[in-house]
Amino acid sequence: MNRLSDAALAELKDQSCAPGYAREDLGVGIVHLGLGAFHKAHQAFYTDRVLARSGGDWRILGVAMRNAQVAEDINAQDGLFALLEKRETGPRAHVVGSIASALCAATQSSEVIAALCAPTTKIVSTTVTEKGYGIDPATRAPDQTNPVIQRDWENPENPVGVLGMIVEALRLRRASNVAPFTVLCCDNLPENGRFVKAGLVGFAAHRDPELAAWIDANLSCPSTMVDRITPAQTEETRALVAQCLGVADSQAIETEPFHQWVIEDDFPLGRPAWEEVGAIIAPDVTPYEDMKLRLLNGSHSLLAYAGYLDGKRYVRDAMADEKLVRLVRQLMHAAIETLPAIEGIDLADYAEDLIQRFKNPEIAHETLQIASDGSQKLGQRIFAPAVQALQSGATIRPFAVAIACWIWFCRTQGTAVNDPRAEELSAAFQGDDPDDILRGLMAMNGLQPDTLKESEVWSDTLRDMLSQLIAVPVDLFLMEESKLA
């Protein structure tokens with residue numbers, strides 16, 4: 001079976017699955033840092049639809065940050081990959097053509113910088129996960145202990161990290177009198193545009209205060225909200241794509257039919273007309289962002305930790321267990337109480353739609369995959385709404401359940417937990433005394449908000465949840481609904 005490539009497009013079983021445009025006629029206008037599955041299923045997907053509808057020089061140069069093989073594999077397929085939508089009625093594959101080619105930041109730094117400096121590059125988008133920026137989430141300043149930050153400060157003209165590369169490219173564009181591109185963060189972070197801009201300004205200030213001031217005054221970093229459940233690729237993914245298309249595709253990605261993108265409209269050099277293919281252009285992304293972080297991401301995290309502890313490999317397995325569904329509903333209801341009304345959206349309906357999305361039997365999303373990097377994610381997903389609930393007198397117990405499950409998950413994983421603070425977490429959560437565990441949690445800097453640290457109500461509630469887990473772990477899941485309300 002031939003491998004997917006430009007030459008192999010004519011061999012597709014169903015020609016309607018091919019990109020609906022002449023790829024070679026369209027230029028590159030976007031450089032994307034973080035060439036992973038989610039980018040392919042989301043930003044590359046949206047851009048592919050725009051190109052098919054109205055064309056434009058908006059193809060994407062993808063940059064794998066560390067793994068050169070990722071770039072080599074996508075180049076071997078001329079940037080093409082199949083997006084497999086998993087529906088209950090059966091899978092449907094479509095070949096996405098918006099990625100032109102790929103580079104690796106770790107091995108091709110100069111080529112990446114050259115692409116970032118090209119006057120044709122109008123947008124630099126990113127999906128590198130929370131920890132990939134090297135930004136302290138509490139201060140939004142570069143993390144001076146991060147080895148990539150340290151390395152790029154020492155080698156500013158040959159950077160390999162996100163902040164270092166963007167700052168060096170902006171320095172060179174400024175020196176050449178080329179307008180700065182727009183930086184478009186597409187990671188699940190509160191106020192992600194402001195988060196990244198603060199990190200960039202802080203990184204530049206360490207190197208050149210005048211450059212930092214210029215970036216602060218001239219760089220546009222609109223915030224976004226992104227949503228599409230995208231599991232890791234499996235052998236089944238590749239087999240189904242081969243069956244649907246008749247060609248082999250090592251880069252195939254599977255995802256759910258649902259997708260959502262809310263974008264703050266601040267693009268001085270222009271952008272694709274993403275709103276024509278379903279994106280929402282909004283003056284303020286924050287309400288949508290909080291809705292998604294607290295309802296989807298927060299409940300996803302709870303499902304991951306509780307589901308893993310209960311022996312569930314996949315989210316769909318956890319959602320087949322009514323006691324876990326009950327926990328998720330309780331967290332969602334508590335989170336809704338912390339959210340403002342959003343025009344055109346019924347939050348209760350949105351939550352119910354999430355339940356059905358999580359139950360999709362065709363999506364094999366591993367709980368262990370979702371469970372990674374809890375110390376980076378739970379601030380905005382669980383701790384932030386817990387603060388609001390505490391201050392308003394609403395129930396905080398579902399949030400305490402989520403944190404207790406995370407703590408217990410970290411205990412089961414030890415230093416093997418996939419988290420940048422793995423060693424701290426392992427040391428903090430030892431012992432069988434809830435008070436010892438609480439002291440360990442409270443001692444970790446930049447994790448819990450001070451409001452929770454200082455609250456006896458929060459401490460007592462979390463201690464109660466930990467006591468349940470210490471006694472007999474499964475008891476947490478068998479508690480009467482009234483006890484968790």
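**A walk through the predicted model**

Asp-353 is found in helix α13; helices (H or I, at least four residues) and strands (E, at least two) are DSSP runs, numbered from the N terminus. This is a predicted model, in which local features need pLDDT of at least 70 and side-chain atom pairs count only at pLDDT 80 or more, while totals for chains, interfaces and linings use all residues. Residues are numbered from 1 along each chain as its sequence is written, and side-chain values use heavy atoms, with hydrogens and water left out.

With a relative accessibility of 49%, Asp-353 counts as partly exposed; buried means under 20% relative accessible area, exposed over 50%, and partly exposed in between (1.4 Å probe, protein chains only). Between the C-alpha atoms of Asp-353 and Cys-17 there are 28 Å, and the two residues stand 336 residues apart along the chain.

The axes of α12 (residues 322–336) and α13 (residues 347–359) come within 11 Å and cross at roughly 150 degrees. Axes are lines fitted to C-alpha atoms, for helices over the stretch in contact, and angles run from 0 to 180 degrees between N-to-C directions. The angle makes α12 roughly antiparallel to α13; angles under 35 degrees count as roughly parallel, over 145 as roughly antiparallel, 65 to 115 as roughly perpendicular and the rest as oblique. The crossing of α12 and α13 is right-handed, where right-handed means that the near helix is turned clockwise from the far one by less than a right angle, and left-handed that it is turned anticlockwise. On the α12 side the contact is made by Val-325, Val-328, Arg-329, Met-332 and Ile-336. On the α13 side the residues include Leu-347, Ala-351, Leu-354, Ile-355 and Phe-358. Contact means heavy atoms within 4.5 Å.

Helix α15 (residues 374–392) and helix α16 (residues 397–413) have axes that come within 9 Å and cross at roughly 155 degrees. Helix α15 is therefore roughly antiparallel to α16. This crossing of α15 and α16 is left-handed. Among the α15 residues that meet α16 are Leu-378, Ile-382, Phe-383 and Pro-385, and from α16 the partners are Phe-399, Ala-402, Ile-403 and Trp-406. Gln-413 is also found in α16. Neighbours up to four places away in sequence aside, Gln-413 touches Tyr-308 and Leu-368.

Helix α4 (residues 109–117) has Ser-109, Val-112, Ile-113, Ala-115, Leu-116 and Cys-117 buried. What do these residues pack against? The buried residues of α4 pack against strands β1 (28–33), β2 (59–64), β5 (99–104) and β6 (123–126), and against helix α6 (162–175). Another helix, α5, holds Asp-152. Asp-152 counts as buried because its relative accessibility is 1%. Leaving aside neighbours within four places in sequence, Asp-152 is in contact with Pro-159, Val-160, Gly-161, Gly-164 and Phe-203.

The cysteines come next. The structure holds zero disulfides, a disulfide being a pair of cysteine sulfur atoms within 2.5 Å. For Cys-17, which is in no disulfide, the nearest cysteine sulfur is that of Cys-244, 7.4 Å away. Cys-17 counts as buried, at 6% relative accessibility. Cys-117 is in no disulfide either, and the nearest cysteine sulfur, that of Cys-221, is 16 Å away.

Some loop residues remain. Ser-223 is placed in the loop between α8 (209–218) and β8 (224–227). Why is Ser-223 counted as buried? Its relative accessibility is 2%. A polar atom of the Ser-223 side chain lies 3.1 Å from the backbone nitrogen of Gly-193. Not counting residues up to four places away in sequence, Ser-223 touches residues including Glu-191, Gly-193, Arg-194, Val-262 and Val-285.

Glu-191, one of the residues that Ser-223 touches, lies in the loop between β7 (182–185) and α7 (192–207). With a relative accessible area of 28%, Glu-191 is partly exposed. Most residues other than glycine have a negative phi. Phi of Glu-191, however, is near 50 degrees, a positive value. Thr-129 also has a positive phi, near 70 degrees. Thr-129 is found in the loop between β6 and α5 (147–154), and at 35% relative accessibility it counts as partly exposed.

Conventions. Polar contact = N/O pair within 3.5 Å; in protein donor to acceptor, adjacent residues only side chain to side chain.
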